Amino acid sequence: MKLLEGKTAIVTGASRGIGRGIALLFAQHGANVAFTYLSSVEKGQALEQELAAFGVKAKGYRSDAADFKAADELITAVVADFGTVDVLVNNAGITRDTLLMRMSEQQWDEVINANLKSVFNLTKAAQRPMLKQRKGSIINLSSVVGVKGNAGQANYAASKAGIIGFSKSVALELGSRNIRCNVIAPGFIETEMTGALDQKVVEQWREGIPLKRGGSPEDVANACLFFASDLSGYVTGQVMNVCGGMLT
Ligand code: NAP
């Protein structure tokens with residue numbers, strides 16, 4: 001059964017990792033998919049072809065989610081190209097890990113802008129078409145680190161905790177217009193973002209997870225599919241931990 005037939009979705013940061021997994025699953029479920037990337041131009045172009053192979057409309061946009069004006073222009077372009085926006089997935093994110101003692105102002109600002117301000121930028125712009133059609137689903141990617149904190153990631157944890165407060169507020173503001181806003185908090189998902197880690201550390205992570213494995217982009221995409229589809233029509237303002245039981 002195709003769960004997103006006829007819907008248009010925007011996924012930010014879909015050139016690789018979790019965002020790519022979400023875009024592919026959405027297309028498989030019949031959604032027309034607009035997606036963004038920042039530097040991976042070739043990967044973005046290749047994804048456009050892969051998505052179109054599912055028989056849906058697909059288009060990649062090079063757009064910096066941290067840039068307010070660019071986010072506004074992106075939504076205008078997507079509405080012009082696709083007609084509307086039914087689902088927004090704020091997935092784009094970065095890490096600049098280091099202990100607070102060594103953290104520079106730049107490392108703080110970059111992470112807050114790319115991870116948190118981006119969610120404000122895109123949500124503010126996407127609410128326009130959603131308000132018009134009195135329907136929409138916004139899905140924001142936080143992290144278990146935003147729920148419980150992590151040494152060496154004060155900037156990242158702050159950005160991801162901020163996403164939760166923002167999303168709960170948006171759910172309250174837009175609920176009466178049938179626009180839902182939910183959060184997914186992934187645990188340890190094996191992507192390029194985590195590929196940079198020491199393999200010994202990775203093994204320790206896996207051992208500490210009740211399900212004894214790192215998650216895959218598909219694991220996160222499946223949760224996104226639920227929130228994007230009408231199956232979650234009565235669910236808003238919630239945080240779903242997709243973490244193999246790391247948080248109970
Ligand atoms: P990833 O493999 O590093 O991919 C990040 C994606 O975001 C890339 O497509 C990148 O585009 C894009 N991006 C980064 N900054 C951007 C910007 N300013 N504007 C537009 N696009 C931008 O990351 P991932 O592991 O898939 O993570 C995806 C999301 O899940 C992030 O929000 C992350 O914090 C969250 N998350 C991940 C994990 C995990 O274990 N992996 C756990 C919890 C939460 P380019 O390729 O063009 O640079």
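Predicted model: local features only at pLDDT ≥ 70, side-chain atom pairs only at ≥ 80, totals over all residues.
Me: What does buried stand for, and which residues of helix H9 count as buried?
Reply: Buried means under 20% relative accessible area, with exposed set at over 50% and partly exposed in between (1.4 Å probe, protein chains only). Residues are numbered from 1 along each chain as its sequence is written, and side-chain values use heavy atoms, with hydrogens and water left out.

Me: What do the buried residues of H9 pack against?
Reply: With contact taken as heavy atoms within 4.5 Å, they pack against helix H1 (17-28) and against strands E4 (87-90), E5 (136-141), E6 (179-186) and E7 (239-242).

Me: How do you know that the span of H9 is close to the expected one?
Reply: The expected span is 1.5 Å times one less than the number of residues; H9 (residues 217-228) has 12 residues and reaches 16 Å from its first C-alpha to its last, close to the 16 Å expected.

Me: Why is H1 called oblique to H9?
Reply: Their axes, lines fitted to C-alpha atoms over the stretch in contact, with angles running from 0 to 180 degrees between N-to-C directions, come within 8 Å and cross at roughly 50 degrees. Angles under 35 degrees count as roughly parallel, over 145 as roughly antiparallel, 65 to 115 as roughly perpendicular and the rest as oblique, so H1 is oblique to H9.

Me: What makes H1 and H2 roughly parallel, by contrast?
Reply: The axes of H1 and H2 (residues 41-52) come within 9 Å and cross at roughly 25 degrees, and H1 and H2 are therefore roughly parallel to each other. Here Arg20, Ala23, Leu24 and Ala27 in H1 meet Leu47, Glu50 and Leu51 in H2.

Me: Why is methionine 246 called partly exposed?
Reply: Because its relative accessible area is 25%, methionine 246 falls in the partly exposed class. This residue, in the segment after E7, touches Val144, Gly187, Phe188, Trp205, Ile209 and Pro210, not counting residues up to four places away in sequence. Methionine 246 and proline 210 are 36 residues apart in sequence and 6.5 Å apart in space, C-alpha to C-alpha.

Key
Helix = DSSP H or I, 4+ residues; strand = E, 2+ residues; numbered from the N terminus.
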